[in-house]
Amino acid sequence: MYKFYEGKIMRTPFLFDIYPDLKEIPWRSLDVQITPVHRLKKMGDYLGCSNIWIKRDDVSTPHYGGNKPRKLEFIFPVVKLQQKKTIVTMGGIGSNHCLATTILNNRLNLGFKIALALFQQELTADVQKKLLLYQHFGARLIQEEALVRDQAKIFAELGNPYFLMAGGSNSEGTVGFVDAAFELKSQIEKGEIPKPKFLVVTLGSAGTLAGLMLGLKLAGLDDVEILGNGVVDKKTTSPRNVRNLAKSTLKRMRSFSDAVPDISTSIEKPFVSYDFLGGEYGKVTPEGKKAIELMDELEGIHLDTTYTAKTFAFLMDFVRKEGIKDDVILYWNTYNSIDLSPHVKQLKFQDYLSLPKEFHQYFQENLAGLPEE
Ligand SMILES: Cc1ncc(COP(=O)(O)O)c(C=O)c1O
């Protein structure tokens, strides 16, 4: 699974060993490593459940963790093949996907121009920092409404860019999470983690859940029950959308390798709970805040209010309601926990003045506690 590349050990996708023809799929290392799995012992004691485990995708790369790098390893090389110079992608003003795309492009010198079309979400200290970090790492910011209104004009200005949908959840990127399921299988086989009965993961734009769902099936782990927690409403991402994305991802894989079995008719809509959404995307919820406090205090792992805290709140509720005591339940952590403070330290509050003026409204107060000039 590892080979040497410019003197460094590089991981290659498990899928390339299992289906050798898939080596033709565009893929480029972004330094994603096999992410650790371990038991959440203190959390388990607190919840009276002995087998709560975590998959640490929060440390997926040394540059920026979370779930986006796995997808982007299969997306950036597609952009390059299409000879596009600019990537336009979308997200909320505090989008991890937008930050991951921007940071990885910058840190690994990929050479793309990045334009981010951003929509409003609840303003927090984290959102303010993200807006300044996008700029710090060289992205250009646009309001999403402006892109919707004037798409042809903006695309012409940007020189016919590659459009990457929100969350990087296209069939290209989703292959990254099919591979992640095979990574989990190898960890089970090595005895690093017992086979989970339940796998709990966040559902936003669908790539993570769709890829894992498809990957578990292909890897022969279809008895692992996967539970999605919706952090956007059902109209935005439904279980049907997840199933469709899993199917189109399978189709893409099969277009490169006949050895990938055609299991499309057995791909069903996943279970998804929307009970912990709290009304809208990005809304801070009391259950989420509680999950953040507990994870910080008991395990020293930091969750975020928009995605991972809501999903952990769902997990706690599920454990309680179902009376789970010994069954293995795996929480797939999709948030970044790579320390960005060396970059944040370079920011000043007044940096917001160089953002396009439509974004100044988010800086009426210094919520992020940044130094002022
Ligand atoms: C921290 C975090 N967790 C989960 C998700 C959801 O993953 P997906 O968009 O693949 O459904 C996202 C992005 O949307 C995210 O930033």
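**Ground rules.** I number residues from 1 along each chain as its sequence is written. The model is predicted, and local features need pLDDT of at least 70, side-chain atom pairs count only at pLDDT 80 or more, and totals for chains, interfaces and linings use all residues.

**Strands.** I took helices (H or I, at least four residues) and strands (E, at least two) as DSSP runs, numbered from the N terminus. I counted two strands as paired if DSSP finds at least two bridges between them. I looked up E4 (residues 52–55) and found it antiparallel to E3 (residues 37–39), over 3 bridges. Within that pairing, histidine 38 has isoleucine 54 of E4 as its bridge partner. E4 also runs parallel to E12 (residues 329–332), joined by 4 bridges. There, isoleucine 54 stands opposite tyrosine 331 of E12.

**Positive phi.** I checked two residues other than glycine. Asparagine 160 has phi near 55 degrees and sits in the loop between helix H8 (151–157) and strand E8 (162–164). Alanine 206 has phi near 100 degrees and sits in the loop between strand E9 (198–203) and helix H10 (207–218). For burial I used C-beta atoms placed from the backbone: buried means 20 or more others within 10 Å, exposed means 12 or fewer, and partly exposed is in between. Asparagine 160 counts as exposed because it has 12 C-beta neighbours inside 10 Å. Alanine 206 counts as buried because it has 29.

**Ligand shell.** I listed 19 residues around the ligand, the closest being Asn96, Gly167, Gly204, Ser205 and Thr334; the cut-off is a C-beta atom, placed from the backbone, within 6 Å. Helix H5 (96–107), E9 and H10 each supply at least two of the shell residues. H10 gives the largest share, 3 residues. By class I have 5 nonpolar, 13 polar and 1 charged, with Ala, Val, Leu, Ile, Met, Phe, Trp, Tyr, Cys and Pro as nonpolar, Asp, Glu, Lys and Arg as charged, and the others, Gly among them, as polar. Domain 1 (34–66 + 171–332) and domain 2 (76–168) each contribute at least three shell residues; the bounds come from an automatic or database domain assignment.

**Core.** The largest nonpolar core has 97 residues, and those with the most contacts inside it include Leu116, Leu199 and Met213. I took such a core as buried Ala, Val, Leu, Ile, Met, Phe, Trp, Tyr and Cys residues joined through C-beta atoms within 7 Å. Leaving out residues up to four places away in sequence, methionine 213 touches Ile226, Val242, Ala246 and Pro270, with contact set at C-beta atoms, placed from the backbone, within 7 Å.

Notes:
Two residues are in contact if their C-beta atoms, placed from the backbone, lie within 7 Å.
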